[in-house]
Amino acid sequence: MNQSDQPDNLPGTVGEGLEQRGVSRREFLQFCTTMTAMLALPPSMASVMADAIAKARRQSVIWLSFQECTGCTESITRSHSPTLENLIFDLISLDYHHTLQAASGEAAEHARALAMKDNEGKYLLIVDGSIPMGNPGYSTIAGISNYDMLVETARGAAAIVAVGTCATYGGIPKADPNPTGAVSVGDIVKDKPIINVPGCPPIPVVMTGVLAHFLTFGSIPELDELGRPKSFYGETIHDRCYRRPFYDQGKFAETFDDEAARQGWCLFKLGCKGPVTYNACATAKWNDGTSFPIQSGHGCIGCSEPNFWDAGPLYKALSMPVSASSFMLAGAAAAGAAAGVAITWHNRSIKAAAKTAHEQVTVQDLMREDK
Amino acid sequence: MSHLDLLTFARGSALNWALMLFVAGVILRLFEIYSLGRKADLAVSRTEPPGSGMRTVFTRTLPPRGMLKREPVTYISGYVFHTGLFLAIFFLAPHIELFRGLTGLHWPALPTALIDAAVVAAMVALLAQLANRMASPVKRMLSGVGDYVAWAATLLPLLTGYMAYHHLFFEYTLMLTLHIFSVELLLVLLPFTKLFHAFSLFISRWYNGDWFRRKGVAS
């Protein structure tokens, strides 16, 4: 919604909004302290963040959903701190999100157009889902192709947050054989800062942390070479996993229901991709910090990495071959044996030829040569 | 191409080709060597009791009298390197999973810290061997390009594996990929370089032992 058109009862700044909802300064500082810790900022930044967010006008956000499963939205609605309610009404002004908004059809598209016009160059664009390039008709919203809507909306955005592995790297729609020609946001938009928040879905607090950073500093957090915020994606799941000591001791679960699994030993042999997956699951966790996949007994599937779906079987250990088989090796052995027979035949024929060409020299021959 | 894509390639097509070349190469070389045959020995054997060949297979593992003192670096670094390499290849849990993936066979692993120490020892031994090879005029003269290539191809998997485990130099996914590539290079080179001794060693020891028995110098 356009901020200048806001009715009087809607807050202008986040601080006012918090006050209206009876959120105490203590609670707000607690939230900011959590966020600064999550973003790997110095503790002193908590009060800076609190001041900045309290004074910030509610950030206009346009959320576009393309080829996705709504899992990312499901995830953010379970964002424990802040809650979605806080997020929508206190921190941001979610001007367009076709799953969550009440308006539909023309009214919905009008809201997007208005937000774009009123906040030209200032609004934040959040995208989940990949963009089909094979045929524009594969995915459309209000008759507009995903590609056209992305290009049009990205033009006036201050920054873009690509949430979920589909928007960041193409995700499952891009998995081989990629029937829709799916691409990521970064494949299309080249002239805007893009924050990649991958995961299938991403951890809620990672999404809200990125938004809190943007509101506090007005800039995007430090990113790695894959465009991910370093504070959340700086370390692998494996390195921060509470089961890591078992890996080092060589203690592994062999099946999902053996004694070792019940003892909580390492899931590497069951295909855990934690060693090559950069995400904050092992530290931030899910459901209000309750648990994460490995803690609930299943290995990491590496969902926040590019092309994870095509990175070998989910239940094969990382050190296992992706496709090599004993049948293949037997074939190679047979080929080697056939080549061996050929080379044997070749060597023996050289030997036989040498034997045939060999002329016997007698003593008389040698004596004749001496003369 | 992301690091994970590169890793998938290393674990996929690259590994398939390296394994196929390795297996085919080893079988080919074995055929090549053993099908040459030997001329029949028409002389009467000097020593009758059999078993000299088998004994030699084991006795050649130990240094002849006085040789350990004369060539301590060669022997000690040789033992340390081969033991370290053997433990790393066959007793690191992820490696056992590789063998399980290929053959279905598996066995208990050793603690990672122990393998880590064995790998460090093996790398130090390899460096000592190189220094010794270059310092000794005789060894230096006997060494060709193939010797140094074999040395480097053996060191690389140990070094990259160590660096991957300790998160040195490159991030883990890329380092792990480089480790797998280095092993693939080793697999392809092995059948066609002196590294083939991994397969020919015991058979040639047996042959020498048996031959010497016939000459009357049984071990």
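**From a strand pair to the whole assembly**

A:Ala162 stands opposite A:Asn196 in strand S9(A), where strands (E, at least two residues) and helices (H or I, at least four residues) are DSSP runs numbered from the N terminus. The model is a predicted one, in which local features need pLDDT of at least 70 and side-chain atom pairs count only at pLDDT 80 or more, while totals for chains, interfaces and linings use all residues. Residues are numbered from 1 along each chain as its sequence is written, and chains are lettered from A and ligands numbered from 1 in the order in which they are written.

Strand S9 of chain A covers residues 194-197 and pairs with S7(A) in the parallel sense over four bridges; two strands count as paired if DSSP finds at least two bridges between them. S7(A) also pairs in the parallel sense with strand S3 (residues 123-128) of chain A, here over six bridges, and in that pairing A:Leu125 has A:Ile160 as its bridge partner in S7(A). Strand S7 itself, residues 157-163 of chain A, is mostly covered, with five of its seven residues buried. A residue is called buried if 20 or more other C-beta atoms lie within 10 Å of its own, exposed if 12 or fewer do, and partly exposed in between, the C-beta atoms being placed from the backbone.

A:Thr73 lies in helix H4 (residues 71-76) of chain A, and this residue is buried because 22 other C-beta atoms lie within 10 Å. Leaving aside residues up to four places away in sequence, A:Thr73 touches A:Thr99, A:Leu100 and A:Asp128, a contact meaning that the C-beta atoms of two residues, placed from the backbone, lie within 7 Å. A:Arg26, by contrast, is 47 residues from A:Thr73 in sequence and 29 Å from A:Thr73 in space, C-alpha to C-alpha.

Chain A as a whole has 18 helices and nine strands. Its radius of gyration is 31 Å, well over the 21 Å that the globule rule gives for 371 residues, so chain A is more spread out than a compact globule; the radius is taken over C-alpha atoms, and the rule is 2.2 Å times the number of residues to the power 0.38. The C-alpha trace of chain A spans about 130 × 50 × 45 Å along its principal axes, and 43% of the 371 residues count as buried.

Chain B has eleven helices and zero strands, and its C-alpha atoms fill a box of roughly 65 × 40 × 35 Å along the principal axes. Buried residues make up 33% of the 219 residues in chain B. Helices H1 (residues 3-11) and H2 (residues 13-34) of chain B pack at an angle of about 25 degrees with their axes 3 Å apart, which means that H1(B) is roughly parallel to H2(B). The contact is made by B:Phe9, B:Ala10 and B:Arg11 of H1(B) together with B:Ser13, B:Ala14 and B:Leu15 of H2(B).

Where the two chains meet, the contact takes 41 residues from chain A and 37 residues from chain B. On the side of chain A that touches chain B, helix H14 (244-249) and helix H17 (326-357) each supply at least two residues, and H17(A) gives the most, with 14 residues.

Definitions and conventions. Axes are lines fitted to C-alpha atoms, for helices over the stretch in contact, and angles run from 0 to 180 degrees between N-to-C directions. Angles under 35 degrees count as roughly parallel, over 145 as roughly antiparallel, 65 to 115 as roughly perpendicular and the rest as oblique.
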